[in-house]
Amino acid sequence: IGARLAELGHEVWIGTRDPKATLASTESGPYGDPPFAVWRHEHPDVALGTFVEVAEAGELIVNATNGAASIEALRTAGEEHLDGKVLIDISNPLDVSGGMSPSLFVSNTDSLGEQIQRAFPAVRVVKALNTMNAFVMAHPSSVGAGEHTVFVSGNDEEAKAQVTELLRAFGWRASGRSARCSCRPDDAGRSRCASRPSGRPRCRSCARSRARRSRAASAGSCP
């Protein structure tokens, strides 16, 4: 996600609890991707900082942390740095305590997206992109070289419109009508009541993004 945002001309920060430890790590990623320091060398325009620094700097936040630690990580970032901002939640409430394949630690009557919204009532939470592979999130055309629809959930219409515009820039097709609805199906991997992105952006910051570079922040899953 961070690389794709930078590719599209956004100023990107990636957040971690300990930037020095993240850069010093020699471990490869879960999909065999190189250590973060190698990735960072290939993407010199992407800045690295603490959760607090990223939350302060970002105009738009992407929660890409492990779902089990998402609320804790966002609290570490500081509610005062998040209030009023759009937060795209791409995390999943995966419970791996029983090994693979994981189950969900919340579903049906609640969702992680709703829990985040309750924990941070002034944050404009939008649930999206959590039902597909990370590579497909950033490059939907990699699947069948075709256009695909992504679902967006949240209670803030302007926030959903802003996220919709960003997802269109990624290459996602927008269709259908946007409506207020629960992100519960997204967390469970079934989008039966999630809304499809639609409409033009109505918030000023999104409308300005075409004319100038906007600042985006991505909080990554880190030790």
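Is arginine 4 buried or exposed? Arginine 4 is buried, at a relative accessible area of 11%; buried means under 20% relative accessible area, exposed over 50%, and partly exposed in between, with a 1.4 Å probe and protein chains only.

Before I go on, a word on the model. This is a predicted model, where local features need pLDDT of at least 70 and side-chain atom pairs count only at pLDDT 80 or more, while totals for chains, interfaces and linings use all residues. Residues are numbered from 1 along each chain as its sequence is written, and side-chain values use heavy atoms, with hydrogens and water left out.

My topic is salt bridges. Side chains of opposite charge can pair when their charged atoms come close. A salt bridge here is a side-chain nitrogen of Lys or Arg within 4 Å of a carboxyl oxygen of Asp or Glu. The structure has six of them.

Back to arginine 4. Its side chain forms a salt bridge with glutamate 7, at 2.6 Å from N to O. Both residues sit in helix H1 (residues 2-7), three residues apart, or about one turn of the helix. Helices are DSSP runs of H or I with at least four residues, strands are runs of E with at least two, and both are numbered from the N terminus. Glutamate 7 is exposed, at 53% relative accessibility.

Next, aspartate 110 and arginine 118. Their closest N and O atoms are 2.7 Å apart. Aspartate 110 is buried at 15%, whereas arginine 118 is exposed at 52%.

Last, helix H9 (residues 157-170) holds both glutamate 157 and lysine 160. These two form a salt bridge at 3.4 Å, and both are buried. Separately, salt bridges with shared partners join Arg124, Asp156 and Glu158 into one network.
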